[in-house]
There are 2 protein chains.
Amino acid sequence: MQTPAEIAEAYLAAWNATDGTTRLPLLENWDANARYRDPLMQADGREAIDAMIAAARERFAGLVFILRGTPDGHGAFARFSWDLAPRGGAPVAGGTDIVRIGEHGRIAEVIGFLDEVAS
Amino acid sequence: MQTPAEIAEAYLAAWNATDGTTRLPLLENWDANARYRDPLMQADGREAIDAMIAAARERFAGLVFILRGTPDGHGAFARFSWDLAPRGGAPVAGGTDIVRIGEHGRIAEVIGFLDEVAS
């Protein structure tokens with residue numbers, strides 16, 4: 001069973017993968033029917049999630065998702081926060097994601113929220 | 001449709017209700033099959049949730065749940081943070097809860113996390 005830190009690391013790696021060939025193996029970690037919801041984006045199923053991340057990567061070119069703070073979790077759930085920032089630069093956005101791990105040990109659901117960005 | 005602030009207010013009122021007679025109408029706001037998970041407690045169904053809150057109220061006698069910050073949300077989800085504190089005193093615990101509103105407009109699921117308490 002993955003720890004919250006491992007879940008967060010693999011999750012952010014998928015969001016940081018700029019090309020599909022790199023991203024595909026990282027998305028194996030997601031259930032084929034995984035559901036994603038945040039205030040700006042939503043997707044149902046691994047293919048739609050791949051397309052959503054691809055679109056976000058184009059929009060956020062040059063920016064990377066960086067873990068903020070320490071992931072925690074209990075039972076099937078992990079929680080972690082992230083910043084979106086240029087490498088070495090100040091964050092332009094931040095959020096907190098709740099991940100539910102499904103019966104097969106893969107990500108079944110993500111509920112994302114945007115956080116106030118420290119200026 | 002309830003706003004995240006309204007959801008949080010009604011939710012914390014249920015957690016602050018010290019007797020079942022007061023709590024029962026507040027739990028009408030929860031689906032009969034609602035699911036609750038946090039690092040310390042879990043319950044399935046409105047009756048189990050009522051019993052869980054009753055037990056917590058005995059353990060936390062003299063303490064109240066107070067909203068911290070501003071609730072937010074999107075789609076079916078609300079997120080809000082709370083402190084557990086004596087009236088007018090410093091918090092002894094704090095957390096952030098994610099609430100999913102079900103198809104009938106009632107709370108279908110709660111995923112709770114504990115936060116670091118500011119000292």
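Mentor: Let us begin with burial. A residue is called buried when its relative accessible area is under 20%, exposed when it is over 50%, and partly exposed in between, with a 1.4 Å probe and protein chains only. By that rule, 46% of the 119 residues of chain A count as buried. Please note that this is a predicted model, in which local features need pLDDT of at least 70 and side-chain atom pairs count only at pLDDT 80 or more, while totals for chains, interfaces and linings use all residues. Residues are numbered from 1 along each chain as its sequence is written, chains are lettered from A and ligands numbered from 1 in the order in which they are written, and side-chain values use heavy atoms, with hydrogens and water left out.

Trainee: Which elements does chain A contain, and in what order do they run from the N terminus?

Mentor: Helices (H or I, at least four residues) and strands (E, at least two) are DSSP runs, numbered from the N terminus. Chain A has three helices and six strands. Their order from the N terminus is α-α-β-β-α-β-β-β-β. The radius of gyration of chain A is 13 Å, close to the 14 Å that the globule rule gives for 119 residues, so the chain is as compact as a globular protein of that length. That radius is taken over C-alpha atoms, and the globule rule is 2.2 Å times the number of residues to the power 0.38. Along the principal axes, the C-alpha atoms of chain A fill a box of roughly 40 × 30 × 25 Å.

Trainee: What does A:Ala32 touch, not counting residues up to four places away in sequence?

Mentor: Contact means heavy atoms within 4.5 Å. With those sequence neighbours left out, A:Ala32 touches A:Gly45 and A:Arg46. A:Ala32 lies in strand β1 (residues 30-37) of chain A and is partly exposed, with a relative accessible area of 42%.

Trainee: How are chain A and chain B related by rotation and shift?

Mentor: In general, two copies of a chain are related by a rotation about an axis and a shift along it. Here a rotation of 180° with 0.0 Å of shift along its axis superposes chain A on chain B, with an RMSD of 0.0 Å. The two copies are thus related as by a two-fold rotation axis. In chain A, the C-alpha nearest the axis belongs to A:Ile98, 4.3 Å from it. The superposition is by least squares on the C-alpha atoms of residues with pLDDT of at least 70 in both copies.

Trainee: How much area is buried between chain A and chain B?

Mentor: The size of an interface is often given as the accessible area lost when the parts come together. Buried area is the accessible area (1.4 Å probe) that two parts lose on being put together, summed over both. Between chain A and chain B it is about 1400 Å², of which carbon and sulfur atoms give 62%. In chain A, A:His74, A:Arg79 and A:Phe113 lose the most area to chain B, together 44% of what that side buries. The contact joins 19 residues of chain A with 19 residues of chain B. Because 100% of the interface residues of chain A are also interface residues in chain B, the copies meet through the same surface.

Trainee: How many salt bridges are found over all chains, and how many between chain A and chain B?

Mentor: Side chains of opposite charge can pair when their charged atoms come close. A salt bridge is a side-chain nitrogen of Lys or Arg within 4 Å of a carboxyl oxygen of Asp or Glu. The whole structure has 18 salt bridges over all chains, and the count between chain A and chain B is four. One salt bridge joins B:Arg100 to A:Glu109 (3.0 Å, N to O).

Trainee: Which parts of chain B does the pair of B:Arg35 and B:Glu109 tie together?

Mentor: B:Arg35 forms a salt bridge with B:Glu109, with the closest N and O atoms 3.4 Å apart. B:Arg35 lies in strand β1 (residues 30-37) and B:Glu109 in strand β6 (residues 107-115) of chain B, so the pair ties together parts that are 74 residues apart in sequence. B:Arg35 is partly exposed at 31% relative accessible area, whereas B:Glu109 is buried at 7%. B:Glu109 also meets B:Arg100 in a salt bridge (2.9 Å, N to O), and both of these residues are buried. Salt bridges that share partners join A:Arg35, A:Arg100, A:Glu109, B:Arg35, B:Arg100 and B:Glu109 into one network.
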